[in-house]
Amino acid sequence: MHIHVNGVPYRVEAEGQGPALLLLHGFTGSRATWEPYLTNWTRHFQVVRVDLIGHGDSAAPPDPSRYTMDRAAADLAGILDRLQISRAHVLGYSMGGRLALSFAAWYPDRVETLLLESSSPGLKTDTERRARRERDEELADRIEREGLEAFVRYWEGIPLFASQRNLPEKVRQALRKERLAQRTRGLANSLRGMGTGAQPSWWEHLGRIPCPVLLITGELDQKFCRIAEEMKGQFSRCRWRTVPGVGHAVHVEAPRLFDTIVMEFLLHQGKFPNS
């Protein structure tokens with residue numbers, strides 16, 4: 001179904017019964033990211049999958065300012081309102097994790113637990129953010145100049161996804177299909193509006209997020225393991241799980257273990273120690 005919030009039509013799927021579990025995909029992804037998990041997760045939760053702005057079957061407005069984190073988070077609140085969901089468990093991957101964290105910071109009363117896969121709170125200094133915005137603008141221009149297929153070939157080859165080259169061909173083809181289903185304007189404006197350099201830095205705010213937090217990283221993704229190690233010490237209630245032998249996209253590279261980690265946290269998080 002499509003839900004119109006703040007002038008933008010979003011593609012949203014809500015399936016299953018129970019507490020709400022809001023799923024937020026990464027850059028170049030869509031609600032299809034989470035399809036392998038639906039059979040199990042909908043047994044316990046009302047699973048809400050959203051195509052984020054500029055992605056999948058949601059709208060891709062021409063104005064980059066429509067993609068900012070604060071507006072995207074307000075859209076999520078509006079979607080939950082339309083579904084009559086007051087609070088949700090929120091799971092986000094990479095860009096979706098940065099949005100999930102931003103949503104928890106701005107709307108803490110709407111978040112039951114927060115699950116962040118390969119995510120960061122942003123960059124700490126103005127200098128870092130400015131440099132990252134410049135790189136993201138260059139990449140956005142490249143997407144628009146060279147087109148989607150050329151960008152997807154480039155994106156598949158970046159070091160962050162090196163471990164995905166070992167995936168079965170069927171899995172790699174599904175990833176490529178999801179990426180090629182995007183639109184150049186949506187991806188370019190996502191980089192400009194909600195890239196790491198454009199978002200607020202939440203490092204100083206982590207200790208004020210009241211809900212239980214789960215951090216998930218792949219052992220081979222050393223950058224995000226370092227970020228998670230630092231984040232863990234700042235949340236008031238946090239657990240961190242590192243999955244051996246995989247990289248950035250744990251949910252793709254180790255789906256069974258990812259499923260187990262997520263469900264154990266969601267179903268038993270009240271029993272977890274605050275460490």
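User: Why do H5 and H6 count as oblique to each other?

Analyst: H5 and H6 are oblique to each other because angles under 35 degrees count as roughly parallel, over 145 as roughly antiparallel, 65 to 115 as roughly perpendicular and the rest as oblique. In this predicted model, where local features need pLDDT of at least 70, side-chain atom pairs count only at pLDDT 80 or more and totals for chains, interfaces and linings use all residues, the axes of helix H5 (residues 148–156) and helix H6 (residues 169–180) come within 10 Å and cross at roughly 140°. Residues are numbered from 1 along each chain as its sequence is written, and side-chain values use heavy atoms, with hydrogens and water left out. Axes are lines fitted to C-alpha atoms, for helices over the stretch in contact, and angles run from 0 to 180 degrees between N-to-C directions; helices are DSSP runs (H or I, at least four residues).

User: Which residues make the contact of H5 and H6?

Analyst: Contact means heavy atoms within 4.5 Å. Leu 148, Glu 149, Val 152, Trp 155 and Glu 156 of H5 make the contact with Arg 176, Arg 179 and Leu 180 of H6.

User: How many residues of helix H7 are buried?

Analyst: Buried means under 20% relative accessible area, with a 1.4 Å probe and protein chains only. Eight of the eleven residues of H7 (residues 184–194) are buried, so this helix is largely enclosed by the rest of the structure. The buried residues include Leu 187, Asn 189 and Met 194, and what covers the buried residues of H7 includes helix H2 (69–82), helix H3 (95–106), helix H4 (126–146) and H5. Of the 275 residues of the chain, 56% count as buried.

Key: Helix = DSSP H or I, 4+ residues; strand = E, 2+ residues; numbered from the N terminus. Buried < 20%, exposed > 50% of the residue type's maximum accessible area, 1.4 Å probe, protein only.
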